[in-house]
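Biologist: Please walk me through how to read a model like this, one feature at a time. Let's start with domains.

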Amino acid sequence: MSNPQPRRDFQTEEAPAPSPKQLRQRESFAATESHQPLTPQADIKALPEASLSTPRKRRWGLMFALVGGATLGSVELATGIPDAFSQSQWMTMAWQLFGISLIGLGGLSLLKELGRLRRLKRHDRLRHDLAELPQRSTKQAQSMAEQLKRQLKLSDDDPHWQAFQRACQPHHSGEEIQTLLRYHLLAPRDREAQRLITRMSGETAIMVAISPLTLVDMALVAWRSLAMVDRLCRLYGLELGYASRLRLFRNVLHNMAFAGASELATDASMDMLSLDLAGRLSARAGQGLATGLLSARLGLRAQRLCRPVAFTDQEQPKLADLRQDLWRQIKRLDKEPTPATRPQK
Amino acid sequence: MRQPLSRELSNLLERGRDRQLRLAVTGLSQAGKTAFLTSLVNQLRHAGVEAQLDLLPVAREGRLLGAQRLNQPDLGVPRFPYDPGMAALRATPPRWPEPTRGISELRLQLRYRPAQQGWFTPDIAHLTLDLFDYPGEWLLDLPLLQHDFYSWCQAQSLHEGPHRKVLFSEWLTEAEQLDPAAEADEAKLAALADAYAQGLRRAKQAGFSDLQPGRFLLPGELDGAPVLQFFPLPELNAPKETLEALPDTSIYATLAARFRYYQQQVVRPFYRDHFRRFDRQIVLVDVLGALNAGPERFEDLSHALRQLMQSFDYGKRSLLTRLFAPKIDRLAIAATKADHVTPDQHGNVVQLLEALLAEPLKDLRFADIPVKALSLAAIRATEAREVLHEGKRTPALKGTTLEGEDVLVYPGDVPNRLPKADFWQQQGFDFPSFRPMPIDSAALSHIRMDAAIDWLIGDKLI
């Protein structure tokens, strides 16, 4: 047990609390001094956007390894050539040349990929600009329409573009031009996209329903979904490279997993019902329908992501529209009697 | 106004199915009501063929089959002079349709294909649109219904600007000497009423809008009747009770009796027969004309419109209100003659219009009525061009003035809110007036008529 502590006395005066900041004194300015309206400070405004967006990942390590390896490798190989030449070692020289060209080809394809990634980014920027059309002046809106036309690869005498030009008047505001763009340039593509999604997801559903091997099913579904996203993108004037395809696909999946969850909940009851019905028909039909629905949902998401102007609430395509088509296809598959058992009329 | 039972029933049925709309085209005189109606009928009749209606989805998608004039419900009212109006526009040189001098009606039947085929939707649906034209001067009588003679006199003396006082000076010097309690002298009252009417006419010439009573300007069949021989008494200082107690032969009582008669026998039937049953409304305002006229007249217009919009019933529609007490559930406010400024000024015109109607818009917002403000030209009189002037590209208008002179002009900027009074003294506005362009196709060219039609009836054409 420790000894009781002896009495200690402390000073009664408190140490002055450190003042956090010098208070500024009153200052008066002459009325003649130049002044301007108070603007919120730039860094305060920039804060939320910077902190809300996803952190930007730069793979410096990978870049370092790739660039370092490529340069050092090609330097090494190139410096070896004179030696090999002087010693007349033709085989070594051939290998060195082969190595250099390999590195060159790799670099080229890498650059191409980067270019396509940039195109995806440009598409995003165009999307952003087009969304702001209502605030733009008529002239800006017109030039943006031209840009969209180039993106969609429409020629000058394309009937849709001509119809748009006919409809467009100098007094139309940005918002009105956006409406016209939607109707004249995008609606035909939307219809095509819709048809594509219905067809592709229907075929996927049928394939899964009749294929005997689960593993093959999975590979088929993945392959076909990728192809569908690819085609959708091409419809909206977006050419995908390997990396940009991966990025878009990741975006689509991300979107489906998070943003689409609430939508899923509203659709779920109908989905359940149709799955139940299909399950009654046969287990395989049920599986097929489930896969078809998933694939259709994926297609709709992808469409929504690559359409240059975002959908309004009314024109947004709904899964319900596609479900009926899918259901019809599956049913037809099930109903189609084999020739041997066809009932005689 | 009794109608045969069968017509009454069929109207009721159509209204119940919401296939009949009555559109109120509201505007003071010179605001462009007749031009709007002529153009509306023209566009709908030519929809799907020549008319450029790209902002109207039903026409853009080719589902609108057109419109036909039907026999109007009330056979006692003249038909809207569509053909004379079109003839004036087609004449060489083209003229604007004649200003309206009386009431007229028109019933249009629109036929369209519904967008979605359902169990109960027919292949081709129709919508009946009732239109109604009247002199804008009479419209300002509607606010009279909320007054009695005493409060009317007070209200009239409230908004007298200096400029306006000058126009009425002749009448004012005489009327100020009148003793309300004195014995009424018929001849003197008639002379004074005449002087008052003269003042109103002068004020109208000078560009004022808030002019009551409207029949003084355009008497119609009432010309010379004693009902039009009254006027407000200026400087009424005595309390209302003492004035009311005056004998029947006094000036005050005589004027009040005539005012009451005018209110009950002229204004109320006009309101009851034509203004109660509206479903949709468009308010046309000639903002540019008001800017041309100057600050006092601009305020005057704002005041007139504020008063006017209190005369309409706004509210949500349901089956019951639709059948028995229709209410306006959607409203467009439009700055007309938008073709008289360059397209880049349209945004400012709309903002100025919203500033002009700020007070009524607040009330409408409170009542939760959707309102859309737009700038439109029912019949386009100019062409928008671009001029290379001193090395700079500026927009300009090409058209023919009312005097017949071909001009290429930049009419000036439109402010987006009312400028201060000294601006008018320094610079002022001088927006030119144009006569209509010669018509080369069957449909009239316009600015944003399609957007207006879409907003007013587009939701019934799905």
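Modeller: A starting point: domain bounds are taken from an automatic or database domain assignment. In chain A, that assignment gives domain 1 (69-131) and domain 2 (187-334). Their C-alpha centres are 38 Å apart. Before going on, a word on conventions: this is a predicted model, in which local features need pLDDT of at least 70, side-chain atom pairs count only at pLDDT 80 or more, and totals for chains, interfaces and linings use all residues. Residues are numbered from 1 along each chain as its sequence is written, while chains are lettered from A and ligands numbered from 1 in the order in which they are written.

Biologist: How many residues of domain 1 of chain A are in contact with domain 2 of chain A?

Modeller: Two residues are in contact when their C-beta atoms, placed from the backbone, lie within 7 Å. Here 11 residues of domain 1 of chain A are in contact with 12 residues of domain 2 of chain A. On the domain 1 side of chain A, the residues that touch domain 2 are five nonpolar, one polar and five charged. For these classes, Ala, Val, Leu, Ile, Met, Phe, Trp, Tyr, Cys and Pro are nonpolar, Asp, Glu, Lys and Arg are charged, and the others, Gly among them, are polar.

Biologist: Which domains does the assignment give chain B?

Modeller: Chain B has domain 1 (5-137 + 278-285 + 330-379 + 439-460), domain 2 (142-271) and domain 3 (382-435). The C-alpha centres of domain 1 and domain 3 of chain B lie 28 Å apart, and 16 residues of domain 1 of chain B are in contact with 18 residues of domain 3 of chain B. The domain 1 side of that pair has eight nonpolar, five polar and three charged residues.

Biologist: And between the chains, how many residues does the contact take from chain B and from chain A?

Modeller: Chain B supplies eight residues and chain A supplies 10 residues. The chain B side divides into four nonpolar, one polar and three charged. As for confidence, the model scores ipTM 0.81 and pTM 0.81. The mean pLDDT (the predictor's confidence in each residue, from 0 to 100) is 85 for chain B, with 99% of its residues at 70 or more.

Biologist: How is the overall build of chain B described?

Modeller: Start with secondary structure, where helices (H or I, at least four residues) and strands (E, at least two) are DSSP runs numbered from the N terminus. Chain B has 18 helices and 11 strands. Its radius of gyration is 24 Å, close to the 23 Å that the globule rule gives for 462 residues, so chain B is as compact as a globular protein of that length. That radius is taken over C-alpha atoms, and the rule is 2.2 Å times the number of residues to the power 0.38. The C-alpha atoms of chain B fill a box of roughly 70 × 70 × 45 Å along the principal axes.

Biologist: Which residues touch the most other members of the largest nonpolar core?

Modeller: In soluble globular proteins, nonpolar side chains tend to be buried together. A residue is buried with 20 or more other C-beta atoms within 10 Å of its own, exposed with 12 or fewer, and partly exposed in between. A nonpolar core joins buried Ala, Val, Leu, Ile, Met, Phe, Trp, Tyr and Cys residues through C-beta atoms within 7 Å. The largest core here has 113 residues, and V285(B), V287(B), A334(B), L353(B) and A452(B) touch the most other members. Helix α11 (residues 251-274) of chain B gives the most to this core, with eight residues. Domain 1 and domain 2 of chain B both give residues to this core, so it lies between them.

Biologist: Where does P93(B) lie?

Modeller: P93(B) is in the loop between α4 (82-90) and β3 (104-112) of chain B. The peptide bond joining T92(B) and P93(B) is cis, with omega about -10 degrees. The bond from Q212(B) to P213(B) is cis too, with omega near -10 degrees.

Biologist: Is D368(B) buried or exposed?

Modeller: D368(B) is exposed, because 10 other C-beta atoms lie within 10 Å. D368(B) sits in the loop between α16 (358-366) and β7 (371-375) of chain B. Its phi is near 60 degrees, a positive value in a residue other than glycine.
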